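I opened a new page for this protein today.

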Amino acid sequence: MNTSKTRPAAVGPNLYLVGFMGTGKSTVGRVLAKRLSMRFLDSDHEIEAAQGRKVPEIFADKGEAHFRSLERAFVESGHPEKGCVVACGGGLVMQEGMIEALRTRGIVACLFASAETILKRTSANKNRPLLNVEDPARRIRDLLAQREPTYLRSGACIYTDKRPMSDVVDHLERFYRREARVFRRR
Ligand code: S3P
């Protein structure tokens, strides 16, 4: 008999956090996962663990295209189907078909921040090969302009500038709970 006592707790669809580097996907994702009793994954960390080396080394040795193929493999077959909050590397949704691939697997929300905020949040950390250039501010502006249309159509858009992280988490928690009910009925 499948009573509510014997039935296992429903495991919700994955929540994918996408958006540019430095928009807070990992910080927000970790807190959110705890709140929702879900597992937290970071696509970069999963790829690093599987490859046994850091993202900058992968870029340096095998190039960006290879890294993108690892991101695709992570999405298509490298992570659980349910129950995870996944912080996705900033370029992951730029590949053809990736937004659709994420949407079939779960709910997608995109974090935004201004170029100035991104520069502040990323300048202390040298683990981002695309920003290890002479003029990171300019690179951020150029990449943002190039990527913005894709981010805007990827999922629900959440602005993080001048907003406490707890606000962003609260908002995403409400969004996820509402969307998860709809997703289960699909
Ligand atoms: C990248 C973002 C990084 C990482 C890699 C490339 C990008 O992840 O995947 O350096 O192309 O925007 P974060 O967004 O977690 O920094």
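Below are my notes in the order I looked things up.

**Entry 1: the whole thing.** I'm working with a predicted model here. I went through the secondary structure and found eight helices and five strands. Following the sequence, I wrote the pattern down as β-α-β-α-α-α-β-α-β-α-α-β-α. Next I looked up the extent: the C-alpha trace spans about 65 × 35 × 25 Å along its principal axes.

**Entry 2: Cys88.** Where does Cys88 sit? I found it in the loop between strand E3 (84–87) and helix H5 (98–105). Is Cys88 buried or exposed? Its relative accessibility is 2%, and buried means under 20%, so Cys88 counts as buried. I also checked Cys88 against Arg186: the two are 98 residues apart in sequence, and their C-alpha atoms are 24 Å apart in space.

**Entry 3: salt bridges.** Side chains of opposite charge can pair when their charged atoms come close. I looked up the total, and the structure holds 11 salt bridges.

I picked Arg35 and Asp170, whose side chains meet at 2.9 Å, N to O. Arg35 lies in helix H1 (residues 25–35) and Asp170 in helix H8, so this pair ties together parts that are 135 residues apart in sequence. Arg35 is partly exposed at 35% relative accessibility, and Asp170 is partly exposed at 30%. Which residues belong to the network of salt bridges around this pair? I listed Arg35, Asp170, Glu173 and Arg177.

Then I turned to Glu100 and Arg153, which form a salt bridge at 3.5 Å, N to O. This one also links distant parts of the chain, with Glu100 in helix H5 and Arg153 in helix H7 (residues 136–154), 53 residues apart. I have Glu100 down as partly exposed at 40% and Arg153 as partly exposed at 48%.

Another salt bridge I noted joins Arg163 and Asp167 at 3.7 Å, N to O. Arg163 is partly exposed at 29%, and Asp167 is partly exposed at 35%.

**Entry 4: a charged patch.** Which residues form the positive surface patch? I wrote down Lys82, Arg174, Arg178, Arg181, Arg184 and Arg185. I looked up Arg174 in particular and found it in helix H8 (residues 165–185). Arg174 has 54% relative accessibility, and the cut-off for exposed is over 50%, so Arg174 counts as exposed.

Notes:
Residues are numbered from 1 along each chain as its sequence is written. This is a predicted model: local features need pLDDT of at least 70, side-chain atom pairs count only at pLDDT 80 or more; totals for chains, interfaces and linings use all residues. Side-chain values use heavy atoms; hydrogens and water are left out. Patches are made of residues with over 30% relative accessible area and no salt bridge: like charges are joined within 9 Å, nonpolar side chains (Val, Leu, Ile, Met, Phe, Trp, Tyr) within 5 Å. Accessible areas come from the Shrake-Rupley method with a 1.4 Å probe; for residues, only the protein chains shown count as cover. A salt bridge is a side-chain nitrogen of Lys or Arg within 4 Å of a carboxyl oxygen of Asp or Glu. Lys and Arg count as positive and Asp and Glu as negative; His and the chain ends are not counted. The place of a charge is taken as NZ of Lys, CZ of Arg, CG of Asp or CD of Glu. Helices (H or I, at least four residues) and strands (E, at least two) are DSSP runs, numbered from the N terminus. Buried means under 20% relative accessible area, exposed over 50%, partly exposed in between (1.4 Å probe, protein chains only).
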